[in-house]
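Below is a briefing on one protein structure, arranged by topic for a reader who has the sequence and the coordinates at hand.

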Amino acid sequence: MVPAGLAGAFALAALALILLPGPSVLFVVGRSLALGRLGGLLSVLGNALGMLPAITLVALGVGTLVAQSVVVFTIMKIAGAAYLVYLGVQAIRHRNDHTASETDAPRRRPSPLRLVGEGFVVGATNPKTIVFFVAVLPQFVDYAAGSIPLQLTELGLIFFVISLVCDSVWALAAGSARTWLSRHPRSLPRLSAAGGAMMIGLGGALAFTSSKA
């Protein structure tokens, strides 16, 4: 296991990084504005679950190969960016489908499983996650203690939990703002379109990111 001191230091470093608004926050806010609190929270869950393959790859030592492969990085980057743009376009196209209150059950609202799945794809196709884990996790490992894969997994799961909690707060905040503005029915389609525009912009920005952590 990771020594408590190293685990605590990593948790503080992870918290400081996660609290800085970044691509994950923009994705969550965009989804929450487009779909409401439930949609945002399910997207957070899926996005966090998408980190697990990266954690597994890093723990097994494969993550370094992936992070250093320009071809793999580029393929994942383009796929993830394209999928974000697709989700953004869908949010804009169907901006009138989610205008009912969240206690209602609109016929065309995506199923919870689909929302989690969409979030998972976004999280799993973000190559920067692997690059980050490869660059940062080894710095908090006690090599003298052995069981390096287990320690890397533990650190990855610490990041997973902190990210899940913090991103959920963003989802609740953005979703609550949408709910408050739902008193004005005409604003909901605009919010959904704004959320879609955020995801399209994020996808465009990620398409031009480099492989450097």
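A pocket is here an open set of points on a 1 Å grid over the protein atoms alone, where a 1.4 Å probe fits and protein lies on both sides within 12 Å along at least five of seven lines. The model is predicted, and in it the largest pocket holds about 750 Å³ of space.

**The largest pocket**

- P23, S24, N126, K128 and T129 are the closest to the centre of the largest pocket, out of the 33 residues that line it.
- Two or more lining residues come from each of the elements α1 (4-19), α2 (23-49), α5 (70-93), α6 (112-124), α7 (127-136), α8 and α9 (187-207).
- Helix α7 gives the most to this lining, with six residues.
- Sorted by class, the lining of the largest pocket consists of 20 nonpolar, 10 polar and three charged residues.

**Helix α7**

- Helix α7 is largely enclosed by the rest of the structure, because seven of its 10 residues are buried.
- The buried residues of α7 are P127, T129, I130, V131, F132, F133 and V136, and T129 is also one of the residues closest to the centre of the largest pocket.

**Aromatic pairs**

- The count of aromatic pairs in the model comes to five.
- F133 counts as buried at 0% relative accessibility, and F159 is buried with a relative accessible area of 9%.
- F132, F133 and F159 are linked into a cluster by ring pairs.

**S32 in helix α2**

- S32 is placed in helix α2 and is buried, its relative accessible area being 0%.
- A polar atom of the side chain of S32 lies 2.8 Å from the backbone oxygen of V28.
- Once neighbours within four places in sequence are left aside, the residues in contact with S32 are G40, A171, A174, G175 and R178.

**T153 in helix α8**

- T153 is found in helix α8, which spans residues 148-181.
- With a relative accessible area of 27%, T153 is partly exposed, because that category covers values from the 20% limit for buried residues up to the 50% limit for exposed ones.
- Residues up to four places away in sequence not being counted, T153 touches I55 and A59.
- T153 and V2 are 151 residues apart in sequence, while their C-alpha atoms are 9.6 Å apart in space.

Methods. Residues numbered from 1 in each chain as written. Predicted model: local features only at pLDDT ≥ 70, side-chain atom pairs only at ≥ 80, totals over all residues. Heavy atoms only, no water. Helix = DSSP H or I, 4+ residues; strand = E, 2+ residues; numbered from the N terminus. Buried < 20%, exposed > 50% of the residue type's maximum accessible area, 1.4 Å probe, protein only. Contact = heavy atoms within 4.5 Å. 1 Å grid on protein atoms, 1.4 Å probe; cavity = no way out; pocket = protein on both sides within 12 Å on 5 of 7 lines; lining within 4 Å. Points joined across faces, edges and corners; volume = space filled by probe spheres on them. Nonpolar A, V, L, I, M, F, W, Y, C, P; charged D, E, K, R; others polar. Polar contact = N/O pair within 3.5 Å; in protein donor to acceptor, adjacent residues only side chain to side chain. Phe/Tyr/Trp six-rings, centres within 6.5 Å; stacked < 30°, edge-to-face > 60°.
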